[in-house]
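Me: I'm new to this one and would like a friendly walk through it. Could we take it one question at a time?

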Amino acid sequence: MKKLYRKGLAAFLSLTLLFSVSSCDIFDLDVNTDPNNPSEAAVDLLLANVLSDMSSSLAGGFNGTSTGFMAQTTASDDFNFSNASWNGTWNFLYSGPLKDLNELVLAAEAQGNNPRYLGIGQVLKAYYFSTMVDFFGDVPYTEAFQGDADSPIKEPAYDDDAAIYADCLSLLDKAIANFALTSTVAVKGDLIYNGNMTRWRKLAKTMKLRLLLQTRNVSDVAGQIQALVTEGDLITSSADDFQYEFPTAITPDFRHPWYQAAYAGGEAGFSYFGHQFMYEMLLNGDPRFPFYFHRQTTNVLNPDDPTDKQTIPCSQRTDCTYGYFVLNPNITNALFGSDPDGLSSSEEAYLAGIFGRDRADPSGIPNDNPIRTIPGSYPSGGVFDATAGSGGGNRGSSVGFFPMLTSWMTKFYLLEASITLGTDISKVAASETALLNSALTDQMNKVWDFGSRGQSVAADESTWGTVYSWPVTFKTRAALRAEVIAAYPTGGTPNARLAYVLKQAWFANFGNGIEQYNAFRRTGLPADIQTPLQLPRQFALRFPYAQDELNLNSKTPVIIYDNPSAAVFWDTLKFQF
Amino acid sequence: MKRILLLCFMLVSVFVSEVWAQDRVVSGTITSSDDGSSLPGVNVVLKGTTVGTITDIDGNYKISVPAAGGTLVFSFIGLTTQESEIGARSVIDVAMASDVKQLTEVVVTAVGIEREKKALGYSVANLSSDQVSQRAEPDPLRAMQGKMPGVNITGGNGAPGSSTKINIRGISSMTGNSQPLFIVDGIPFDNSVNGDDQPGRNTVTSNRAFDIDPNNIESISILKGAAASALYGSRATNGVVVITTKASKKNTKKGMEISYNGSVNWQEISGIPDYQDVYTQGSNQVYNGGFIGNWGAPMPDYVDKINAQYGTNYKKYYGVYPDNVYDPVTDTDSHPYPNGTAPNPINNRYPGLFPEFVQEYTMEDGSTRNVSAPYQIQPHDIIGGFFERGRVVENGVTLSSGSEKASINTGFSRMNQEGIIPNQTVDRTTLFFGGNGQLDNGVFVSGTVNYVNTNQVSPQSGASAFNDYYGGGGGSIFARLFYLPRNFDLNGLPFEHPVDGSNIFYRALDNPRWIAKNNLYESNVNRVYGNITAGYDVTEWFNVTFKGGVNTYHEFRRDVIRPGGIFFPTGGVTTDDIENTEQDYNLIMTFSKDINEDLSFRALVGMNANQRQYSRRTIGGANVITASLLKTNATSTQIVARDYDRLRRLIGVYSDISLSYKDFLFLNVVGRNDWSSTLPQGANNYFYPGASLSFVLSDAVTMPSFINFAKLRVAQTKVGRDADPYQVRTVYGLGLPIASPRYSGTFNTASLGNTLGNAALKPEFTDEFEVGAEARVLNNIIGLDVTYFSRSSTDQIASAAVARSTGFTQEIVNIGELTNKGWEIGLDVTPVKLSNSFTWNSYFAFTKIKSEIVDAGPTGEIFIGGAGSTFGTIHRNGAPYGQIFGTSNARDDEGTLLIDKNTGLPFPTQTSGIIGDPNPDFTLGWTNTFSFKGVTLKALIDWKQGGDFYSFTAASLMLRGQLQNSVDREGLRVVPGVYGSNQTYEAVLDENGNKIRNTTPITAFDSHFSNGWGAYGQDEVNVYDGTVIRLRELSLGYSLPKSILENTPFGRASISLTGRNLWFNAPNVLEGLNLDPEQLTTTADSNQQGFEYGSTPTTRRYGFNVSLSF
């Protein structure tokens, strides 16, 4: 009896415990579906993400560095890179926006009957990958983004750069065909054109023009370019510009990279502007100057003060051309016709704020953040330079944008085509000078439009002399253009004309270094940029590959980025100092 | 030891045989010969029969014996077995003595099985209460440092409550968690850090094992190898730390006992660098009040000396007035500041804000101007003035009471620690209750419940590579504190705006004092854990036990950046709610049977169900509306940064079969099968077996008389492990919405995830072989315990980096192989043992582990990450675990530095590589105990040999010219090397084809700046060998003798003086750095190792403890 009782108790106990445990869900093992992330995403969500991320990268590292290459800022102006330099950017692009773009194209193809998203994807792919080629030469393309394919490719091959360009051109043709199809799917997530298909079509054609022109030294592209011009469906009006406008919210901070550097912190953290660029604009009386640049100080540093002495630009070199503007007799004489000690106090105060660096000045970095010249209201949305004032503190409008393919760029392309290929541009403008005038008009109007937003700017520059107390006399836009047009070497050699045009493009493409860097490698122009003060390495003909890619993908070529052998396929010049 | 003996009570009771009626009855009381206390649970058996009984809770027994003759055998694990002829006696009292042959007699092994140590075929380490409590160390893990071979414990840093890393027998996971499983009172105890794994800000974050008060620990068993831990299943790969708290103490003395422990300890910074006080801030030997570096002119006191020595012409003033004119011919200034002064650096930045820093200056032309007042240039003790003396106060009371059938334990404890920087505290309050008893129906029940409240506060003081590098550490005190200009009076100058409280500093950085006052991180944890056990002997050989428990905590964090600073000017508040709940149930059936006199058998079959639920919600508020209210709802923008849930389940069935032969040969076979929710459905079950053998040589054969004990053991076991949840599929991620300035509305975004899921994920396995020997010789004067182990972890579930051109950053893979081979040696020597009770005991815990990445997957390497995308920790085929990966200087084929002829400096190679091995060659903990008549002196010396680390602190101090070793800077220097080309990366040859020795001179400043030896040089130059020897613990204790206590209410009283980390020496680290290499880069759950980013320095602690019992 006792034993029976015991056994019964034990059985009861065990069963009760088992039951009480199993009665809850603890035995249900089907709980491994991630509740935190979606398993699919709509194409419009991908599109918005691609545009935002890609634009930030283009306007950030790519633009910053190539602007530095072209002596407008000091970013990487010594061309000194290692495989670590672009590791982060490369990794971000391939695992981020470029992959999502690929997903977008695949999804639009798979959905069928979705030609608009597909066309947009194709145009973006052509732009982004031709840009990747411009910076890296051969890159993974046909085998890229197949980590999750049914037969995954873990070490994608590097496609020939010329072949990628060719495919980009065919993508643009496909996109144009797709835009002609009717679709019931409304395009959302389009931060560029908000679903306007006409503009996308014009972009596709203008992008073709851009890529064809880029390859003009290695292929016979005259006929194709002529056909595009004759067709007359290019971006020739600012309304059609391919540009990305950055959000203005502080949190999350997706503002223009230059704005973030110069205005987001407690004080400015922007690096330096190039002295030559600022000097020549001042010398020209270029009215874009107060939009491009913002002076932070009016105090002249005292070279007799030991601390100031080290803070003065070029403090550790003797071979600067521009040095410290306000104390450089060459500069003060050229601008104001007097030696430094003969400057008026307003001239002195004005020049004190022009605080950048000569090209590749290796002097140490002093505590000059509150002194440096920082970006103005164009294109990053900082402060219009009515008076000198500190950066940082979220000042300015923060209405920044990145011009990717604009009407003035189209016109500069057409000028180059006319000069070098003999393209007939009469469909767009009556003459090269008319076209140049039109390009400059478009660009300057954009400067006024964006540079005045959220600011108090006297829009009529002829009143500036009375409104602002600048000692510099800025010309009106019209006067400057007239001057530029008048000096155009109409009867000159193609080389002279091209040099003239690309020098103007150098001033106009401020804010898009990619255009300048490409043009320079294609033409060697403008040729009058200051020689770097130090040259630890040669002019960068491209970027080095990413360290991770070298480690993880055995197909990654080994190159030396400043060696002529590394030049991108369309670069026949292979510039060396 | 008696406590451990008492633990056996339950186990032994399983074997109790029934008592048969016999002719007469013998009774008696069993006591301990050590202290005279009664011993419950002692086996009393009539020799040669199965007749027997056990003593009750008061040590009494009664046994029926034959009318004449017979012998009683009294046995108890851990005590020397005694035999006593009954003769005509009816009362036989016995005093039993400890069996000195058994150092630790009974150990808790997997799933709470208590076993004789000599029966174990594998190595288990034990610590008793007195080895971890009252050690001036509130962190239970750090209290164990240096005390057990095979266990490597690294404290994060000196911030109170900061996390601690523990690794047992090396690290067996390349990318996953490498922390052992914690089992507290039979239930898994979550030890997560819940960090963000950023190298930047907050390594003050705790690991949650910190919720255990070392003073409430009754005992700790560390199950080191797979053989010991396999029954715990999937999480046992990294070993298991089994902690029994005082709440679940199984037995107590009859009546009531109250004990009290209290201690006060003070703590100070363990080491500060040897700063140079010769040169001021600036560069190129010119003073500059805005610089960080100290490459300026000499301090006033050194000007004459240096001018005389080097023929230089330094001035004693450091600034000039506005009307100054410099005459280059005579090298004179017309209006210098007074000798020994410079313009006040605060007024330079905030002109006029502090009237006392303004001077009205009369210019030569008679006009007046407000200029910065003269500021005395002299060295300041920045560090010493900033750090404070911290304090640790601990108080704990335990009550226990026992009766014949039940006992209860309850108590509370409180710890309060103040760190060495302002506003850095942690406190911990524990309440516990536990009880056990035998119900009238024979069911044994026990249960415990613990409540812990842990609160931590710290200013932003995480590890922080300073701003110039990677931007992450801008908000931390340690972003700058160690590198401030020597002439900057941090502690004397103002740090906050007198009107709006915003940050004041000499340049655009956050003032460490401002951070310490305003930017606080706090964490509040409420944790409850408890368990219930019910067991029943169905028959004399069959027992059923059910154990179930829950362990849950909620942590609330708030991270505040006050507006008005530089790092985040508009300020921000982030809140983080973390909740973790684990349930664990076991049903265990035990069968035990003596097959015959020589052979006994025991089998255990168990079933385990486990569920872990985790959720975390993070809200980031930016732009604080008013500095007087620092809450998320008082910010102008809030983002829900995280709303994360995780659920995982595991079911296991396991078995443990033991056979013992003649009490000298023991075979143990284990096996477990798991079903995990985190593996692909249909392929989510896996089995792993193991076997171990113990052979007690000294019991089997007659040994020479000098050998007291000898045992050999061998084990081979496999442990499986499942994945983390949600790794089977590739998912999308939603991004932050974008407001377009051009088109109305908000654009939502999404991106395909960067981690490739793996639908064919398999469990990973660790195979381990271990062999060991234990011996005690020369009358137990020398005891040796040696283990060799070799473990191989295969099919590692790793998140391996893939070339980004695949579109992904990493993939979840089953890859490769990682091996750890090592030696663990415990040597216990008692060189002196005098009859007057003086004893000197020495214990050595030696560990040597060699790891090797045999196969890191298809690419041959896994880059874990670190400070940069090409600078961090890497696993690479053929190399040991977790190497330091970074840039190096180019060298020629002979290893000589290549020098750029133009700069006179080395230049980097294009490609990064392995530049250091952070794994130590060996570690040795040496504990010396001297005792004499109640006085005990204990010293633990800890030696870690090798282990490279990258020191950001060293790099920064060198870069900034702060250290004494940079005082010699007037002359030029030449870097030893040959000229090389940065195109070919080869030496440049002269016309004869010979290499050209570098003769390009550079200044000391250049040598430490770009491409030199400071932080701006290549990564390799800042890697140091982290060998360190330290005096980890020192204590002097005195137990009052019984004779004195007799007339007091106290049963026991002792007082001790303790010291911790009183001294250390790291001989191969940069001279004068005085940096304790024992600092973690990130939190303890990270796989990164070998980086020191600058964080709260470690501390030196000293104080006293009092322990009383009534």
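What follows is a set of questions and answers about this predicted model.

Me: Let's start with cysteines. Which residues form a disulfide, and how far apart are their sulfur atoms?
Reply: The count over all chains comes to one disulfide. For a pair to qualify, the two sulfur atoms have to lie within 2.5 Å. The pair that does so is A:Cys314 and A:Cys320, with sulfur atoms 1.5 Å apart.

Me: Now the two chains. How much area do chain B and chain A bury between them?
Reply: On the chain B side 97 residues are in contact, and they meet 99 residues of chain A. Carbon and sulfur atoms carry 57% of the area buried between chain B and chain A. The total for the two chains is about 8400 Å².

Me: How many salt bridges cross the interface of chain B and chain A, and how close are the N and O atoms of B:Arg742 and A:Glu245?
Reply: Across the interface of chain B and chain A there are three salt bridges. One of the bridges joins B:Arg742 to A:Glu245, and their closest N and O atoms are 3.5 Å apart.

Me: Which strand of chain B gives the most to the side that touches chain A?
Reply: The interface of chain B and chain A also has 31 residue pairs in polar contact, counting pairs with both residues at pLDDT 80 or more. On the side of chain B that touches chain A, the top contributor gives nine residues, and that is strand β34 (residues 635-661).

Me: And how do the residues on that side of chain B divide by type?
Reply: The side of chain B that touches chain A has twelve charged residues and 36 polar ones. The remaining group there is nonpolar, with 49.

Me: Is A:Arg295 buried or exposed, and what about A:Asp385, buried or exposed?
Reply: A:Arg295 has 4% relative accessibility, so A:Arg295 counts as buried. A:Asp385 has a relative accessible area of 0%, so this residue too is buried.

Me: Which parts of chain B does the pair of B:Glu137 and B:Arg1101 tie together?
Reply: B:Glu137 and B:Arg1101 form a salt bridge, with the closest N and O atoms 3.1 Å apart. B:Glu137 lies in a loop and B:Arg1101 in a strand, so the pair ties together parts 964 residues apart in sequence. Those parts are the loop between α2 (129-132) and β11 (151-155), and strand β62 (residues 1099-1109).

Me: Which residues is A:Thr206 in contact with, leaving aside its neighbours within four places in sequence?
Reply: A:Thr206 is found in helix α7 (residues 197-214) of chain A. With a relative accessible area of 0%, A:Thr206 is buried. Leaving aside neighbours within four places in sequence, A:Thr206 is in contact with A:Leu234, A:Ile235, A:Leu405 and A:Thr410.

Me: Last one. Which side chains make polar contacts with the side chain of B:Glu582?
Reply: B:Glu582 is in strand β32 (residues 572-594) of chain B, and at 1% relative accessibility B:Glu582 counts as buried. Another, at 2.9 Å, goes from B:Glu582 to the side chain of B:Asn610.

Methods. Residues numbered from 1 in each chain as written. Chains lettered and ligands numbered in written order. Predicted model: local features only at pLDDT ≥ 70, side-chain atom pairs only at ≥ 80, totals over all residues. Heavy atoms only, no water. Contact = heavy atoms within 4.5 Å. Buried area = accessible area lost by both parts, 1.4 Å probe. Salt bridge = Lys/Arg side-chain N within 4 Å of Asp/Glu carboxyl O. Polar contact = N/O pair within 3.5 Å; in protein donor to acceptor, adjacent residues only side chain to side chain. Helix = DSSP H or I, 4+ residues; strand = E, 2+ residues; numbered from the N terminus. Nonpolar A, V, L, I, M, F, W, Y, C, P; charged D, E, K, R; others polar. Buried < 20%, exposed > 50% of the residue type's maximum accessible area, 1.4 Å probe, protein only.
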